[in-house]
Amino acid sequence: MIVKLVFELDDVAAALKLSPEEFSRRRPLLEAHGFPRPVAGLDDRWSIIEVVRWVNREPDNFAPPLPASARRVVSRSAQ
């Protein structure tokens, strides 16, 4: 059994309901609002746990909006 612990860029984009290009464009703004940075030493690989925590966090008034369905999809995929 293989356990996947990291998202690749396409996986992160899909979890956020964005195209990979749109995620890349928004990434600096997302990171400025606490979105996790890639795992140290792994270019363009993000901790699945950290991405899910960020998506499911209590939204603040200044965070960039996510598509409405992003929370439900990430919550289900993490189970």
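Reader: Is K17 buried, exposed or partly exposed?
Author: The relative accessible area of K17 is 39%. Buried means under 20%, exposed over 50%, and partly exposed in between, with a 1.4 Å probe and protein chains only. K17 therefore counts as partly exposed.

Reader: What kind of model is this, and which pLDDT do local features need?
Author: Residues are numbered from 1 along each chain as its sequence is written, and side-chain values use heavy atoms, with hydrogens and water left out. This is a predicted model in which side-chain atom pairs count only at pLDDT 80 or more, totals for chains, interfaces and linings use all residues, and local features need a pLDDT of at least 70.

Reader: Back to K17. What is phi of K17 near?
Author: K17 is found in the loop between α1 and α2. Helices here are DSSP runs of H or I with at least four residues, strands are runs of E with at least two, and both are numbered from the N terminus. Most residues other than glycine have a negative phi. K17 has a positive value, near 60°.

Reader: And what is phi of D44 near?
Author: D44 is in the loop between α2 and β2. At 34% relative accessibility, D44 is partly exposed. This residue, too, is other than glycine, and phi of D44 is positive, near 55°.

Reader: Which residue does the side chain of D44 meet in a salt bridge?
Author: A salt bridge puts a side-chain nitrogen of Lys or Arg within 4 Å of a carboxyl oxygen of Asp or Glu. For D44, the N to O distance is 3.4 Å and the partner is R27. R27 lies in helix α2 and D44 in the loop between α2 and β2, so the pair ties together parts 17 residues apart in sequence. A network of salt bridges links D44 with E31, R37 and R27.

Reader: How far apart are the closest N and O atoms of E8 and R45?
Author: E8 and R45 form a salt bridge, with those atoms 3.8 Å apart. E8 is in strand β1 and R45 in strand β2, 37 residues apart. Both ends are partly exposed: R45 at 30%, E8 at 40%. The N to O value is 3.8 Å.

Reader: By about how much of a helix are R26 and E22 separated?
Author: R26 and E22 also meet in a salt bridge, at 2.8 Å from N to O. They are four residues apart in helix α2, so the separation is about one helical turn.

Reader: Leaving aside neighbours within four places in sequence, which residues is V51 in contact with?
Author: Contact means heavy atoms within 4.5 Å. With those neighbours set aside, V51 is in contact with F7, V12, F35, P36 and W46.

Reader: How are the rings of F23 and F35 paired?
Author: Rings of Phe, Tyr and Trp (its six-membered ring) pair if their centres lie within 6.5 Å; planes under 30 degrees apart are stacked, over 60 edge-to-face, the rest tilted. A search of the whole structure finds three aromatic pairs. F23 and F35 have centres 5.7 Å apart and planes at 65°, so the pair is edge-to-face.

Reader: About how much accessible area do M1, V3 and L5 have together?
Author: Patches join residues with over 30% relative accessible area and no salt bridge: like charges within 9 Å, nonpolar side chains (Val, Leu, Ile, Met, Phe, Trp, Tyr) within 5 Å. V3 is exposed, at 54%, in the segment before β1 (6-8). Areas come from the Shrake-Rupley method with a 1.4 Å probe, and for residues only the protein chains shown count as cover. The nonpolar surface patch of M1, V3 and L5 has about 430 Å².
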